[in-house]
Structures are given as C-alpha cells and as structure tokens.
Amino acid sequence: MLAINVGGDAPSDMTDFDSSEPAVPSSAVLVLRAAVAAYLGRYRGQTRLHTESDLRIYLRWCTDHGIDVMAAVRVDIERYVRWLQDVRRFQPSTVSRRLSVVVGFYRVCVIDALLPNSPAAYVRRPPVPAESPTLGLGHLQFEALITAARLSGNSNDFALVALLGLLGLRIFEACGASIEDLGEEHGHRVLRVRGKGGKVVLVPLPPAVGRAIDRACDDRTGGPILRNSLGRRMDRHAASRRLGHLAATAGIRMPRMHPHMPRHTFVTTMLDAGVSLRDVQIAARHADPRTTMRYDRARKILDRHPNYILAAYMASGT
C-alpha cells in the first residue's frame with residue numbers, strides 16, 4: 001500500500017507495507033502520511049511508541065484487506081475489531097485499547113478536516129471486566145521471589161525485582177533507568193523515572209532497593225542500571241526471561257511470569273498493608289483511580305469468594 005515515515009522525535013518506522021510504492025507519492029498517500037503524523041504528534045515518549053505500534057497494526061490490516069484507510073466505513077472498523085477478538089484472540093482490554101487508537105486517529109482526521117466524519121464514531125466497544133485479568137503474587141510468593149533474586153548469582157536480578165515489585169515501576173521504566181538518574185532530594189535517595197507521556201517523577205528509594213541498585217551498578221558511574229548477559233541495557237524480553245527463571249527457582253507455580261506481575265503485586269501488597277486506595281494510586285502513578293480499583297477487585301474476588309463461606313458453613317460435614 002504505502003510506506004509511511006511520520007518523522008518526529010520518536011523512532012518511527014511505519015514502513016514496508018509494500019515495496020512497490022511509486023517514486024512520487026500520490027495525493028492519497030500524502031494525505032494519509034499527514035494524518036498519521038498529525039495524530040502521533042499529540043503524544044510523546046513511550047506513549048507515542050505504543051500508540052504508533054497499535055496504529056501500525058490497523059494500517060497493516062487495512063493493507064491486507066484492500067481497504068483505503070481514509071475511505072473506511074463503520075463496518076470495516078467492526079470487522080477489524082472482530083479480527084482482533086476472533087483471529088488474534090486478544091484480551092478485551094487490549095482490543096479496547098487498540099480500538100481507542102483507531103477512534104482517536106479518525107477523530108483527529110475530522111478535527112483537521114481531512115474527513116467529514118469518523119467511521120469509528122459508533123463502533124461498539126468490547127466490554128472490559130471490572131477486575132484485572134492479571135493476578136499479582138501472594139505475600140509469601142513475593143517474599144520467595146525477593147529471596148531468590150537476592151541470592152542469585154546474577155547481580156541484576158535483585159535490582160530487577162526491587163524496581164518492579166518494591167518501587168512499582170513499569171517494565172520500560174525499570175529497563176530505561178540509568179545510573180545518572182540516581183540522586184538525592186531533601187535527604188532522600190531518589191531515582192528519576194521517565195514514565196508514560198514522558199513525565200518525569202522522583203521516586204524515593206527504600207534502603208533495600210538502594211542496596212539492590214548498588215549491587216547491580218557495582219563500581220560503574222554511568223550507563224544502564226539493569227544489564228543483560230552481554231553487558232548492554234536490559235530490555236523487556238531479557239527481563240521476562242530473568243523473572244521466569246527466578247520464579248522457577250523460588251518454586252512459584254505460575255503458567256507465565258509476566259513482567260507486569262511484580263507491579264501488580266506492588267499495588268495489592270500495599271493495599272494488604274493497609275495503605276489507602278488514594279495513596280496507592282499516587283504511588284502507582286495511575287491517572288484514574290478506577291485502574292487501581294481493578295487491581296483491588298481482582299484480589300478481593302478470590303479472597304472473599306463464596307466458595308470459602310460455603311465450605312466454612314458446611315465444615316461439620318466435610
């Protein structure tokens with residue numbers, strides 16, 4: 001179909017849809033390029049990268065199905081949603097997020113007068129469960145994971161678990177942290193974290209986390225805090241492998257140790273410790289308190305499941 005190079009400050013490559021693109025782009029190609037650039041220009045940092053990735057999936061789908069992106073109609077968007085659900089089998093939250101990107105893209109097209117109306121305006125959104133489908137670790141499981149990481153011969157393991165599970169960092173925030181981001185503010189040792197949308201926050205380091213980071217940094221004065229086996233900056237894939245290895249070492253029986261699980265555990269463990277929902281929301285840097293509540297519901301659904309009540313009521317007979 002086309003090769004799109006949106007430019008901008010983030011590495012973008014919305015490219016190689018078709019190597020047969022003409023040397024002189026048509027007006028339709030130029031319009032689509034402008035539309036993509038205008039939409040992605042609203043975002044920065046990791047948010048832009050993730051939005052671009054979701055939009056690329058939609059553009060690729062349109063190419064594969066012979067659909068002109070700027071001439072799509074509502075039924076095309078509905079077909080795309082069904083493809084995400086039935087063919088790719090994504091979770092409802094993932095489908096909803098990727099549909100939101102398509103809705104936002106066409107909304108900007110309308111704002112910029114590239115389209116008279118949005119074909120995605122009345123597309124039905126898939127229902128998203130009130131609770132998070134990802135469950136965190138239990139208290140004893142989390143302690144076992146921390147112990148396995150602390151005793152590991154890999155100096156990065158303890159820092160990885162500490163950054164994710166004791167500071168609640170997102171995986172890209174932990175992997176993106178550098179030694180230069182460490183400092184002190186008002187008597188507290190802090191880590192400067194670059195979060196969603198390029199927002200920078202100062203996160204205080206408890207002594208245990210500070211020791212874990214010092215162990216990973218060794219005597220280095222610069223570079224990434226977390227490194228892979230080649231000495232380069234650790235990425236989310238290497239982090240996932242290390243977490244899986246640590247979970248197996250700790251005897252934690254999980255189908256898959258997802259990198260988001262320690263952050264989820266960070267939220268639920270603080271709630272178990274009696275920290276208020278509002279303070280947990282601030283610590284987790286959730287823009288919407290409903291996000292924090294989804295984590296809490298997932299925990300309570302199991303803790304307060306009626307099966308336990310019935311079993312206790314019938315204890316004399318069982």
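Helices α6 (residues 155-166) and α9 (residues 236-249) pack at an angle of about 100°. Their axes lie 11 Å apart. An angle of 65 to 115 degrees counts as roughly perpendicular, and α6 and α9 are therefore roughly perpendicular to each other. From α6, the contact uses Asp157, Leu160, Val161 and Leu164. From α9, Ala239, Arg242, Leu243 and Leu246 take part. By class, the contact of α6 with α9 has 6 nonpolar residues, 2 charged residues and no polar ones. The model is predicted.

| Helix | Residues | Number of residues | Expected span | End-to-end C-alpha distance |
|---|---|---|---|---|
| α1 | 27-40 | 14 residues | 20 Å | 20 Å |

For α1, the reach is close to the one expected at 1.5 Å a residue.

Which residues of α1 are buried? They are Val29, Leu32, Ala35, Val36, Tyr39 and Leu40. These residues cover an arc of only 125° around the axis, which puts them on the same side of α1. The cover over the buried residues of α1 includes α2 (45-64) and α4 (92-111).

In α5, the buried residues are Phe142, Leu145, Ile146, Ala148 and Ala149. Seen down the axis of α5, they fall within an arc of 160°, so they line one face of the helix. On the other side of α5, His139, Leu140 and Leu151 are exposed. What covers the buried residues of α5 includes α6 and α9, along with α8 (207-217) and α10 (261-272).

Key:
Residues numbered from 1 in each chain as written. Predicted model: local features only at pLDDT ≥ 70, side-chain atom pairs only at ≥ 80, totals over all residues. Heavy atoms only, no water. Axes fitted to C-alpha atoms, helices over the stretch in contact; angles between N-to-C directions. Helix = DSSP H or I, 4+ residues; strand = E, 2+ residues; numbered from the N terminus. Parallel < 35°, antiparallel > 145°, perpendicular 65-115°, else oblique. Contact = heavy atoms within 4.5 Å. Nonpolar A, V, L, I, M, F, W, Y, C, P; charged D, E, K, R; others polar. Expected span 1.5 Å × (residues − 1). Buried < 20%, exposed > 50% of the residue type's maximum accessible area, 1.4 Å probe, protein only. Arc of directions from axis to C-beta.
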